[in-house]
Amino acid sequence: MTATEIRASSETLLAVQAPRKAANLAQFFRWLILFLGGILMIMPIVYMLSTSLKWPHEVYNVNLWPDEPTIENYAYVLEDGRFYGWMINSTIIALITTASALLFDSLVGYTLCKFRFPGRYIVFIAILSTLMIPTEMLVIPWYLMSQQFGWLDTYWGIMFPGLMTAFGTFLMKQFFETVPDDFIEAARIDGLNELQIWWTVAMPLVRPALAALAIFVFLGNWTAFIWPLIVTNSVEMYTLPVGLASFGDEADVAWELIMTGAAISTIPTLVFFLIFQRFIIRGVVMAGLKG
Amino acid sequence: MANVTLRSLGKSFGKTEVLKDIDLQIEDGEFVVLVGPSGCGKSTTLRIIAGLEEASTGTVEIAGRVVNNLEPKDRDIAMVFQNYAIYPHMTVRKNIGFGLRTAKKTRAEKTERIEEVARILDMTDLLARKPSQLSGGQRQRVAIGRAMVRDPAVFLFDEPLSNLDAQLRTQMRLEIKKLHQRVESTIIFVTHDQVEAMTMADRIVIMKDGVIQQVGTPSEVYHKPANTFVARFIGAPSMNMLPGTGTDAGIHLKTGLNFTGGPAVASRREVLLGVRPEDLVPDGAAAFVEGKVTVQEPLGHETLIYVDTGAGEVIAKADGRRPPEVGSQVRLSALPENVHVFDAVTGQALT
Ligand SMILES: Nc1ncnc2c1ncn2[C@@H]1O[C@H](COP(=O)(O)OP(=O)(O)O)[C@@H](O)[C@H]1O
Ligand SMILES: [Mg+2]
């Protein structure tokens, strides 16, 4: 290498360094913002765990680490027989609603996406528009309906509003758009009926969306509070959030017990999330394949 | 084994008519290529034959029976799509076997058939792979295998090679042709590429705006184009079109020269004289093209020369070793049988 060449390359190096410094600074601020956001997100969880380790008298103290940490609360909650019943109720309800919502949302989403029929657009808009109605407004009609049908204080009564979701239908419809029509027509030529095509061709290709929807729906039902509170009467029918809120008495809310129950009840959601998250990641990799 | 007959087939999407009165008779075992510019209705025709689209008017017959009301799976056809339509979540084996899902065969018979097809397509060692681990050409082969496995009477191909690079396309062209000789099924192949059409077809169907322009063997459509559209579409570079007028002594061209020896043309009739670049040869006496060479395009074994005639540009092929210099004056003519005369208004051939 000649001298001039060396000079030339070191000059380009210098020229590159200035913008890189600016990029580093931008990168630093990006990380800072993410870090602060992360702290903000994790604080409630930290406080949940910290409160669950406190004695009742220390609950309203904001210290992060309890003066006298105790696992007494865990012993109390786990020994209280009601807790297991609520856990089972919540598990059954969340699993059934998740399975049902996945099935119906993807069926309807697929139909709205891949079939041309009169009124298709109107149906789609009608489903979407229900997204604008808040749960609080629906609770009264649901209640009246449940009363008429004798669904009060039953699993069915707790579950029925969530068996199909407008959001999930919309999500699935959008994701089915990514499945090429050729795939469907090729299967049609090969003699599959429409239900088989949906199941063997379309569904495996939208697995990431199904996993995401499963997580949304499961968490939504696991943490649902207002409707289960209203529709249930007997303590045995309570779901976890409703049951936990019933800890304590009229005058005093037992926060340390509620937080303990909440901490325990995050474990199933964590497990559920970890299982389905794998599908999301694997699905994204698969979607990279082009024709 | 089956012939395919389209009778006054028409198709409209809403108010737009995309196919008009398509009549076509395809013999058993024939390799027919539908060719035409993008949007001319080739895919729609193919999809109607497959049963993926309904005909607005007319009938489709396969092996002598009208299939308009049959489901695609009952028509004894298989289709290969432009984007292959092989499933990314299934192995090659599953993809090829997909066409057998509804077949009444035992598992062992199906396995045997899949492996036979894989052998024919030379991809036995790829059976366990997923499509993401295959090259474009291999994916295309899987798609063909999937169509072959059911041993259909008619294969439908919709631009199956257009996603491949030029070299692979040439190779696959040959493979599909060999495959046809082997399976002896009827093949209807759609492409917008006239070279593909010329090289593969027993017969070519040239379409434009939903209307068949000409049906014929590659040699027929090349040597006897029915109109100016076909004349320009087939062959590269395109046929030269020289405007002129009929006279008693032949055709008087806008370039000022006369062409004699062609068909008799009524006096004063406006015509287009079509002549392919490769048919133009230097000739001092009977020349009907004269002008200055403006550009040379060497292609190796030959050189294209662009000649400015004063009334439009003419492309001619010249010897690759000693082409006329740029700026030099050339006089060109062609044998009368290589000159095509078209009506200037309708574009129809006058022979
Ligand atoms: N489903 C459809 N709805 C409306 N127009 C369509 C539809 N499919 C095709 N067309 C129109 O029909 C014409 C022919 O299309 P196509 O058969 O795909 O052409 P090609 O395959 O020759 O490129 C095009 O103008 C296209 O826009
Ligand atoms: Mg097409």
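**Reading a domain interface**

Analyst: Across the interface of domain 1 and domain 2 of chain B, two residue pairs are in polar contact, both at pLDDT 80 or more. A polar contact is a pair of N or O atoms within 3.5 Å; within protein, one must be able to donate a hydrogen and the other to accept it, and residues adjacent in sequence count only if both atoms are side-chain atoms. This is a predicted model: local features need pLDDT of at least 70, side-chain atom pairs count only at pLDDT 80 or more, and totals for chains, interfaces and linings use all residues. Residues are numbered from 1 along each chain as written, chains are lettered from A and ligands numbered from 1 in the order written, and side-chain values use heavy atoms, without hydrogens and water.

User: How is a pair of aromatic rings described?

Analyst: By the distance of the centres and the angle of the planes. Rings of Phe, Tyr and Trp (its six-membered ring) pair if their centres lie within 6.5 Å; planes under 30 degrees apart count as stacked, over 60 as edge-to-face and the rest as tilted. Over all chains, the whole structure has 23 aromatic pairs. Phe229(B) and Phe233(B) are stacked because their ring centres are 5.6 Å apart and their planes at 20°. These two residues are about one helical turn apart, because they lie four residues apart in helix α8 of chain B.

User: How many salt bridges are counted between the two domains of chain B?

Analyst: The count is zero, where a salt bridge is a side-chain nitrogen of Lys or Arg within 4 Å of a carboxyl oxygen of Asp or Glu.
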